[in-house]
Amino acid sequence: MRSRILAAALLVAGLAAFSGFPAHAGKKKSAVDDRQFSRQIPKDERLLQALNRLTFGPRPGDIEHVRKIGLKKWIDAQLHPDRMVENPALEEKLRTLDTLWMPSDQLVRNYPPPQIVRQMIAGRVPFPADPDRRLMLQRVVARLDRGQNQGQGDAVAAADREISGILTPAELRALRTGSPQDRLAAFETLPRDKKDDVIAALPPGIRQALYPVAPPDLRRRLEMAAGPGAVVANDLVEGKLLRAIYGNRQLEEVLTDFWFNHFNVYLDKGADHYLVTEYERDAIRPHVLGKFRDLLEATAKSPAMLFYLDNWQSVGTGTPAARGASNRARNGLNENYGRELLELHTLGVDGGYTQKDVTEVARSFAGWTINQPQMGGRFTFNPRMHDNGAKLVLGEAIAAGGGIADGEKVLDLLARHPSTARFISRELARRFVADDPPAALVERMAQTFLKSGGDLREVMKTMLASKEFWSEGAYRSKVKSPFEYVASTVRAANGDVDYALPLANQVAQLGEPLYRKVEPTGYSNAGREWLNSAGLVGRMNLALQLANNRVPGVTVPSGAAQGIELGGPEFQKH
Amino acid sequence: MVGGGAAPMWLQRALYAADAPSPRKKILVAIFQRGAADGLNIVVPHGAQAYYGLRPTIAIPRPSTAGDKREDAAIDLDGFFGLHPSLAPLKRLFDQGHLAIVDAVGSPDPTRSHFDAQDYMESGTPGLKATASGWMNRALPATAGKPSPVRAVSLGPVVARTLAGRAPAIALQTITGFQVHDAAAASQFEQLYADSKDPALCGAGRETFEAVALLESIQKQPYTPAAGAEYPRGRFGDSLRQIAQLIKADVGVEMAFADIGGWDHHVNELGARASEGQLANLLREYGQALAAFWQDLGDRMADVALVTMSEFGRTAHENGNRGTDHGHANCMFAMGGGLKGGKVYGRWPGLKADELYEARDLALTTDFRDVLGELVARHLGNPTLDGVFPGYRPKFLGLV
């Protein structure tokens, strides 16, 4: 009944927008909103609402756990992740994903892309110090070189010859046939001194079959042989799924997903491949319950964002860097970052800025660049690229000669702007409360934002203390995103994940490739955007596969999950 | 028209729609180039001296360019405009009168936000954010009886904004993958969704299972495009190939939507030569896919019109990084057996300093709704354009 009223109201709103009477429709809709978002849900449903929205879905026993320690206390703990003890099972699983802890420049050295490997061979860049990694890289290099001098077909033939040179036909056959477990057993029986050569020479088909069953250190060596660069991307997506599924700091993880998406960068844009790991770890995660101003500056100065939105190449007009440029590599102002900073990161598209503001903001940030981006470089301010003239941003004068302070002043201005407070509050409420969050709630959150100097924990507290968050209008009203859906199925089924890449591929199939949203908008925070036939078919199939233990790398205790339930309509919502 | 003998199961199912005595309805295919394609380097105004002044390092050379640089030059269309060299496969279609081009066209809204501009173009209501549905959904002609569940198909993991709305529309990633792999479970799911009290989930479930049932039989036959049609590898080629497959299977498709991203070339739009680099590679994929679609459908193109669009154009002048920033007017392509192609439509506004929009972009002389409106009214035969583009009366260019 409730939802029918809402649907009718939306229909009226849609039609009215059509015939040009939006004000009238707005009134009707808000009357329904008021009722929906003031009727409170009963106590048991409050436990589920908290787990649905502040975690990646309840695991068996979670409701009882929250009931036992008390909802208020549990929420308070989630709001202070730094005081929380992390799940040792998660820490154990993350340990093998060693790229997650490396600074960008180390990532490039330890898991180099082909062009850096070539520089290593030429002696311009040192090989990694770790002898194992060095050895494996040298094997990869040797293969790379052979591949260079041959066509595709020849390379396959050569790989076959190579592996045939190491293994007997019987050994090779054992690696090619049977279940993954059989193949692993066959691999384990090989003499120790042969193993490394075999790993380097294995054809991709055999290698991939071993991934889900190989113990972590062996999988690592197999992945390295496949291509060191891919390890970086795989670790990122695996880490994200493992944290969502196993982590105790669930709210921090939900917020890290939210804020990464808000300040979206694209993993496959050139140098960003090696910059995103550090970006999420050092620019996003530490600030998700901190001050918005700090988060904003961390992203503005991150090599990942500077590269993604081209600001690292933006050169002020009339500056030494612009004048000194040769004709081939012309330099000048690039307004890509300036525009998205205003539209997507802070004010919102209706936040009250003009094209002139975009250009002035771009001028303020010219010279915020990256030292050696291809080597996992660091943020640097280059005064030769910065036009030091006076600027006027959103009506506020920025005096001439400010240098790096110009951009910092723009960040100050934006971080305390009422449009930013509202835009951020609306997006948070859209993620946590409802696809169309009530305006009154957004306004209260925005007031907290402004009063607290953009303290994101305080904004979250206002939201979590609101009647709207605990209302019938919010409860189970949102369709899960593919990432939320996949993580929640594994949690509900009490699945154990040895290898998370197949799950990440499922998330991508369902329409949300992780770290790979090309557009700076990120994915929508509105759940209804994900409800469609392709997604439903994919979700039903995944649910069945998972319940029948057919997702590689995941083990579900027998009888722990019903595919029909996980793929059914109720489980699509949270 | 079905031919002798009993109609196969799937065709009977396709025909259960009471209002579909003939599956040969008119079909509209819309393509969205996301990211703001650089129209000036796609349909090159090589006859405008100002173009070469504005783009000292990233202009496409004139068709008259001689010698070994020929393959990097624009392919002349009419003495003034030329195609980017990567679009060579489309030249023949233009010459044969099957491909029409509209230039200096786009949305009159001044926004340079990708998100807003795509939203406006997809809803068909520039400047209005509250429009809940897409223009293509509203353009579906009224039906008596039950329409085909795959009447409106959006290729990809979600239903594109353009096609979303009150009339059922499905999202389809791949035809072969569009099934629940366990028949017993499938019928349980179907019942659960039918019983759901949530109208959105119930509706989505119903649409899904109807479409799954309809597509079941064509999933079993491997699809071979008609002789000679070679779709490029990648998502866009796959999308067009599957749209062609659905059209040829006569399952009742009337509207199809596909998109191709990656046009936001702020840096190094071209490589060392015009036929290399980001734009050239993307246009090669785009042009090959359109040409393959034409070839694959053969005489079925008599019923089909395909139209392309992008949210806005790019700055007339190049920026500081051999790229272009967000601009205004752009170009559109329309391809179909019933179209009057072989011509570049639209009034050319010029590229001299005082002719530019806001002193930086190609000015707009044709509203994108003029192009779409004509296709809806005269190709699809849906006369109710005020419902499709409320508040706007499209002016037909004479494309159909």
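## Terms and model

Two residues are in contact if their C-beta atoms, placed from the backbone, lie within 7 Å. The structure is a predicted model, in which local features need pLDDT of at least 70, side-chain atom pairs count only at pLDDT 80 or more, and totals for chains, interfaces and linings use all residues. Residues are numbered from 1 along each chain as its sequence is written, and chains are lettered from A and ligands numbered from 1 in the order in which they are written.

## Confidence

The model has an ipTM of 0.87 and a pTM of 0.83. pLDDT is the predictor's confidence in each residue, from 0 to 100. For chain B the average pLDDT is 91, and 94% of the residues score at least 70.

Residues 1–21 of chain B have pLDDT under 50, and the model gives them 32 contacts beyond four places in sequence. Where pLDDT is low, the predicted coordinates should not be read in detail.

## Strand β10 of chain B

Helices (H or I, at least four residues) and strands (E, at least two) are DSSP runs, numbered from the N terminus.

Two strands pair if DSSP finds at least two bridges between them. Strand β5 (residues 99–106) of chain B is antiparallel to β10(B), with 6 bridges, and B:V105 stands opposite B:N330. Strand β9 (residues 304–310) of chain B also runs antiparallel to β10(B), joined by 3 bridges; here B:V307 has B:A334 as its bridge partner.

## The nonpolar core

A nonpolar core is a set of buried Ala, Val, Leu, Ile, Met, Phe, Trp, Tyr and Cys residues joined through C-beta atoms within 7 Å. The largest one has 259 residues, and those with the most contacts inside it include B:V307, B:M332 and B:A334. Helix α9 (residues 278–297) of chain B gives the largest share, 12 residues.

Beyond four places in sequence, B:M332 is in contact with B:V102, B:V105, B:V307, B:T308, B:M309, B:F368 and B:V371.

## Where the chains meet

Between the chains, 49 residues of chain B are in contact with 45 residues of chain A. On the side of chain B that touches chain A, α7(B) gives the most, 9 residues.

Key: Buried ≥ 20, exposed ≤ 12 C-beta atoms within 10 Å, placed from the backbone.
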